[in-house]
Amino acid sequence: MNKTRSSRPIHRLAALPLLATALGLPAFAQQPAVGARPAATTQTTTQTTPAANPVAATPAPAAQAGPYRALRASKLIGMEVQNREGRHIGQIDDLVVNMGNGDLRYAVLSFDPGVMGGERLFALPPDRLAFTPEGDRVVVDVDKQQFEKAAIERTRYSPAFFRDHAQVAVLDRAWSIPQPGRGTTAHRVTDLLEADVLARNGDEIGDVEELVLDLGSRKVHYAVVSFDPGWTSAEKRYLFALSDFRLPRDPEDVQLDLDRDGMRRLQGFDGDRMKDLNAAGWVADVRRSLAQGTGARAGAAPTDAAAR
């Protein structure tokens, strides 16, 4: 593999075009971002007239799990963010997941100049996101003062940030989110996408190609892995639960409890089966595959319904 880290999705996403329109709202005084030194601030408040023709999607506060809806993490990252009036205000820069159970913990947003101000990112719980009717944009409707409490300095936004329980606890308290157990590790999705996959002995054997989210449960449903040609066919892909991976020291690597003999017992699937992630036959095969037990899991064999 021997790829350079500059090929990581977070860099590719920086090149995505952004609309030029910025939200004409007043700038609130900035709270010290997570990881920043406290500083004196001054708050000003003005009123604005909302724009006409609001979009149809309205974000709800906390919501219960909905019906299954699969979406590639790489599609959600980089997606345009707009306000309820339909104005472009930023984009989703990253996602944060809990490695042990696959919970989608935060979306990390960047805003256009004049919306929030400062070289900062903002963590937002996934249940505060809504989609436009077309499904290609995200709608955010959160009080700006609330966002200030969940600001992250860009200079502090590294793979180590979400491994620091104290810093993550600041975000959790800002949103009144119960904190997971100490054994739960939060991880950036941009580090997981295209991460090197290591075998049990530490050899590099493949890459994480994609994470597929279930928006209904707000979880990572499965990871898609491609192995090196020396291990398996280049056309085959393999499914793993997020809990199958271990995190070695390098945050851009993941490890499977797998050797070459174990690899040969896995059953892969053709990559073109992922054209429709919500096809009933494909979803049934995925669930059947992930329910087969703990440890490394194989991709499901095609069914007649899914193959059509």
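This report walks through a predicted protein model, from the whole chain down to a few single residues.

Some ground rules come before the tour. Residues are numbered from 1 along each chain as its sequence is written, and side-chain values use heavy atoms, with hydrogens and water left out. As the model is predicted, local features need pLDDT of at least 70 and side-chain atom pairs count only at pLDDT 80 or more, while totals for chains, interfaces and linings use all residues.

**The whole chain**

The protein chain has eight helices and 15 strands. Helices (H or I, at least four residues) and strands (E, at least two) are DSSP runs, numbered from the N terminus. Of the 308 residues, 49% are buried, where buried means under 20% relative accessible area, exposed means over 50%, and partly exposed is in between (1.4 Å probe, protein chains only). Take the contacts (heavy atoms within 4.5 Å) with a separation of 6 or more: 64% of them join residues 24 or more positions apart.

**The cores**

A nonpolar core is a set of buried Ala, Val, Leu, Ile, Met, Phe, Trp, Tyr and Cys residues joined through side-chain atoms within 4.5 Å. The largest one here has 65 residues, and Leu95, Phe162, Leu211, Phe227 and Phe245 have the most contacts inside it. Strand β4 (residues 104-111) gives the most to this core, with six residues. A second, separate core has twelve residues, including Ala70, Tyr222, Val224 and Trp282.

What does Phe245 contact, leaving aside neighbours within four places in sequence? The list is Met99, Val208, Ala223, Val225, Phe240, Val254, Gln255 and Leu256.

Why is strand β11 (residues 204-214) largely enclosed by the rest of the structure? Because nine of its eleven residues are buried.

β10 and β11 have five residues between them, and Gly202 in the turn has a positive phi of about 95°. β11 and β12 have four residues between the strands, and here Arg218 takes a positive phi near 55°.

**Helix α4**

Now for a helix. In α4 (residues 165-174), the buried residues are Gln167, Val168, Ala169, Leu171, Asp172 and Ala174. Their cover includes β4, β5 (120-124), α3 (144-148) and β8 (151-153). At the start of α4, a side-chain oxygen of Asp164 comes to within 3.0 Å of the backbone nitrogen of Ala166. Just after the helix, Ser176 has a positive phi of about 55°.

Lys144 lies in helix α3 and counts as buried because its relative accessibility is 11%. Its side chain reaches the backbone oxygen of Val115 at 2.8 Å, a polar contact (a pair of N or O atoms within 3.5 Å; within protein, one must be able to donate a hydrogen and the other to accept it, and residues adjacent in sequence count only if both atoms are side-chain atoms). Lys144 and Met116 are 28 residues apart in sequence and 7.4 Å apart in space, C-alpha to C-alpha.

Is Thr232 buried or exposed? Thr232 is buried, because its relative accessible area is 14%. Its side chain makes a polar contact with the side chain of Tyr238 at 2.6 Å. Not counting residues up to four places away in sequence, Thr232 touches Phe227, Tyr238 and Met263.

Technical notes: Pairing = 2+ DSSP bridges.
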